[in-house]
Amino acid sequence: MSFRRGNDARRRWRLSAKLLIAASVATVLGFSAVCAGVMFDMRRGEEELARRTLENLASGIEADISRNIELYDLSLRAVASNLEMPEIRNISKELRQLILFDHAATAKHFGAIQVFDTKGNLTIDAASLDPRPENRSDEEYFTVQRDNPDAGLYISRPMLHRGAYAIVLSRRIVDDEGRFLGVVVGSIRFSYFHDLFGRLNLMPGDTITVLRNDRTIIMRTPFDLDVIGKNLAQQLDWKAENLKVGGAFSGKGPVDDIPRLYVRRSSSGPLYVVVGKPLEAVFNLWRTEAIRIGAIMAFLILFVLSATLVLAREIVRRADAEDKLEEMATTDALTGLKNRRKFDGEIEREWRRAGRYGQPVALLMIDADHFKAYNDTYGHQAGDQVLVGIAICISDAVRRAGDCPARFGGEEFAVLLPNMTALEAFNLAETIRHKVQQWCAGELITTVSIGVASMRPTAGQQWSDLIEAADKALYAAKANGRNQSVLATVPKIALVA
C-alpha cells in the first residue's frame, strides 16, 4: 500500500504543477481582462467627455451665428414690409432711406442692404442715395427669390460680394396680392466668422465647419478657399447618414484624411455647425495612461508566469526525484526486476481488485536449479550472470503491462499475472523455462523449476494463500526432478509435468 500511496503522491505532485500553471494563466487572463475592461471604459469616458465639450462648443457657435442671422433677417423683413406701402414711392430719397433703414441692423461685418426690382436692377442702396447702376438678375440669390415664392430667407453660397467674401441673405418683396416686386439683399462678410472663431482657444487639428442645409460649406476653420463653397452632397465617399442631426461620428471626414471626432448640433435654422477634434488629441491622455498601465501589467504578467514556471519546474523535478527514489526502492539492483517489497504491494493491490471483479490471479514461482552448487563452483560473479540471464528470459516472455515480474529472493523469482487462468499461466511458465534452457550452453548449463498457481479470491482467502500454493507447486517440481513446471490445484496440488 505504501507504493500505491507513493504513486498517488507523485501523480498529485505533477497534477499540482499543472494546476499551478493553469491557475496562474487563468489569473493572468482574468486580470488582463479586467484591466482591458477598465481601459476601454476609460477610453469611452474620454470620448464622451470630448463629445460633450464639442457639443457645448458647437452650441455656442451656432447660437451666435443664428442670433446674428436672425437680427439681420429682421432688417430685411422690415425693408420688404415697408416697400409694400404705396406711399414710399412718392417721398424723397432722404426720407425713404430714413424709413427703410432707420432700424436696420448695423455692424462692421454686415453689408449694406440693397433692393433690386423685378428685372434685377439696383434701385435702393442703404449705403448711397444715388446708387450706381447694377443688374443682378443672373445671381443665385435673385433667381431663387424670383422663381420660388416660398423661398423665405435664402442664404447664398460663399461669394465675392461688393469687394469682400461674404454670404448673401435675401428675401422676396411682394405686394398685397402676392405679386413679385423684387428682392431685398444683405450680406455677412467672412470677417464675422474669422472674428468669431478667433476668439476661441482651438488646438491644432481642431475644425469648425458651418454648412447650409443642403450641405454646402459656408465657412470652415482652418480657412481654405478650396473647401469653402464645396457641396458635400456631391461627394460620393461621404454619406449624410455618417453624421446625423445631433449625433457624433468618429473617423475620416469628407474634407481631409485626419481621423476626428465630429459632432453636429441640431438646428432649425438655415445653417448648422459641425465641430471636429483629432482622435489622437482626444485619446492622447488615455493612450499615455494605457501605455503606463500596460507596461506595469506586462511586467507583472512576466513575473507571475516566470515564478509559476520556476515553481512548476521545481515541482516536476521533485516528482522526478521521487520517481527515481521509487525506482531505486522498488527495483532489484542486479536483475532490474521489481524487488520483494514492490511485489508485496502489487500482489495485495491485484488481489483486492480481482476479488471485487471476480477475476483470477495467477502466480509463477521460479527457482534456479542447483544454483548453490553452481555458485560455489564458478563463483559469485558467474552466479550473478546466471541470475541476470534468467531475469532477461522472464522479461522477454512477460509482455503485458499489468504483469509484475520480480526477484523474490536469492535465486528465486516470482511473476504476478492478473486476470490469467491456470492453463494460460502454465503455458507462460513453459515458455520461460524453454527460454532459459535455450539461453544456457556449454559449461554454463542451468535450468529452472516453476510452480504455477491461479486462484479467484473468495471470502476468507488471502493473497498469501496464492503464494503458498505456487510455492508448494515449486517444491513439487524440485522433488520431481527439476527443469519442469508444475500446476497447483486448490486445495490439493496436482503434479503436471
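How many aromatic pairs does the structure hold, and which residues form one aromatic cluster?

Guide: This is a predicted model, in which local features need pLDDT of at least 70 and side-chain atom pairs count only at pLDDT 80 or more, while totals for chains, interfaces and linings use all residues. Residues are numbered from 1 along each chain as its sequence is written, and side-chain values use heavy atoms, without hydrogens and water.

The structure holds 10 aromatic pairs (rings of Phe, Tyr and Trp, the last by its six-membered ring, with centres within 6.5 Å; planes under 30 degrees apart are stacked, over 60 edge-to-face, the rest tilted). F193 and F197 make up one of these pairs, a tilted one, with 6.3 Å from centre to centre and 40° between the planes. Both residues belong to helix α4, which spans residues 190-198, and their spacing of four residues is about one turn of that helix (helices, H or I of at least four residues, and strands, E of at least two, are DSSP runs numbered from the N terminus). F193 has a relative accessibility of 1% and counts as buried, and F197 is buried too, at 6% (buried is under 20% relative accessible area, exposed over 50%, partly exposed in between, with a 1.4 Å probe and protein chains only). The cluster to which F193 and F197 belong also takes in Y165, F190, Y192 and F223.

Beyond its neighbours within four places in sequence, F193 is in contact with I65, I167, V210, I218 and M219 (heavy atoms within 4.5 Å). The largest nonpolar core comprises 56 residues, and I65, L169, F193 and V210 are those with the most contacts inside it (such a core is a set of buried Ala, Val, Leu, Ile, Met, Phe, Trp, Tyr and Cys residues joined through side-chain atoms within 4.5 Å). Helix α1, covering residues 2-83, supplies the largest share of this core, 13 residues. Another core lies apart from it and has 31 residues, including I366, F413, V415 and I450.

The loop between β8 (217-221) and β9 (248-252) contains P222. A cis peptide bond, with omega of about 5°, links T221 to P222. Most peptide bonds are trans.

A further aromatic pair belongs to another part of the chain. F408 is buried at 13% relative accessibility, and F343 is buried at 0%. The ring centres of F343 and F408 are 5.7 Å apart and the planes stand at 85°, so this pair is edge-to-face. Because F343 sits in helix α7 (residues 340-357) and F408 in strand β13, the pair ties together parts that are 65 residues apart in sequence.

Strand β13 leads on to an open sheet. Five strands make up that sheet, in the order β13-β14-β12-β15-β16 and with mixed pairing (two strands pair if DSSP finds at least two bridges between them). The edges are β13 (404-409) and β16 (485-487); each has a single partner strand, so one side of each is left without a neighbour in the sheet. On average, neighbouring strands are turned by 20° against each other, direction ignored (axes are lines fitted to C-alpha atoms, for helices over the stretch in contact, with angles from 0 to 180 degrees between N-to-C directions).

Helix α10 (residues 422-439) lies across β12 (361-368), β14 (412-418), β15 and β16, at about 165° to β15. Helix α11 (residues 463-479) packs on the sheet and touches β12, β13, β14, β15 and β16, its direction making about 145° with that of β15.

N419, in the loop between β14 and α10, has a positive phi near 55° and is partly exposed at 43% relative accessibility. N483, in the loop between α11 and β16, has a positive phi of about 50° and is partly exposed at 23%.
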